[in-house]
Amino acid sequence: MSQAAFARRYGFTASAMADWEQGRRKPDPAARTLLAMIQKDQQAVDRLLGHKDAAPP
């Protein structure tokens, strides 16, 4: 998934993600929590967010 698609899917801006990756700023606590959850179990997060293409449990 592209950075832009990831940002759209999870409610981040592409510019914020670029800033995080370049070390210009850090994600706020809520964004860090969501990123950690995505890293741990992306399919569960997708299901909870109601993404229609999420894999069933």
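The exercises below, each with a worked solution, concern a predicted model of one protein chain.

**Exercise 1. Overall architecture**

Task: Determine how many helices and strands the protein chain contains, and in which order the elements run.

Solution: 
- Step 1. Counting the elements gives 3 helices and 0 strands.
- Step 2. Read from the N terminus, the order is α-α-α.
- Step 3. For the extent of the chain, the C-alpha atoms are placed along the principal axes, where they fill a box of roughly 35 × 20 × 15 Å.

**Exercise 2. Surface, burial and charge**

Solution: 
- Step 4. Among contacts with a separation of 6 or more, 28% join residues 24 or more positions apart.

**Exercise 3. The largest nonpolar core**

Task: Identify the residues of the largest nonpolar core and the element that contributes the largest share.

Solution: 
- Step 1. The core has 11 residues: F6, A7, Y10, F12, A16, M17, W20, A31, L34, I38 and V45.
- Step 2. Two or more of these residues come from each of α1 (3-10), α2 (14-22) and α3.
- Step 3. The largest share belongs to α3, which supplies 4 residues.
- Step 4. As a general background, nonpolar side chains in soluble globular proteins tend to be buried together.

**Exercise 4. The buried face of α1**

Task: Explain why the buried residues of α1 line one face of the helix, and state what covers them.

Solution: 
- Step 1. In α1, the buried residues are F6, A7, R9 and Y10.
- Step 2. Viewed down the axis of α1, these buried residues fall within an arc of 165 degrees, and therefore they line one face of the helix.
- Step 3. An α-helix has 3.6 residues a turn, so residues three or four places apart point the same way.
- Step 4. The cover over the buried residues of α1 includes α2 and α3.
- Step 5. After α1 comes G11, with a positive phi near 85 degrees.

**Exercise 5. The surroundings of H51**

Task: Locate H51 in the chain and find which residues it touches, leaving out those up to four places away in sequence.

Solution: 
- Step 1. H51 lies in the segment after α3 (29-48).
- Step 2. With residues up to four places away in sequence set aside, H51 touches R9 and D46.
- Step 3. Between H51 and I38 there are 13 Å from C-alpha to C-alpha, at 13 residues apart in sequence.
- Step 4. R9, touched by H51, is also one of the buried residues of α1.

Note on methods: Residues are numbered from 1 along each chain as its sequence is written. This is a predicted model: local features need pLDDT of at least 70, side-chain atom pairs count only at pLDDT 80 or more; totals for chains, interfaces and linings use all residues. Side-chain values use heavy atoms; hydrogens and water are left out. Contact means heavy atoms within 4.5 Å. A nonpolar core is a set of buried Ala, Val, Leu, Ile, Met, Phe, Trp, Tyr and Cys residues joined through side-chain atoms within 4.5 Å. Buried means under 20% relative accessible area, exposed over 50%, partly exposed in between (1.4 Å probe, protein chains only). The arc is that of the directions from the helix axis to the C-beta atoms.
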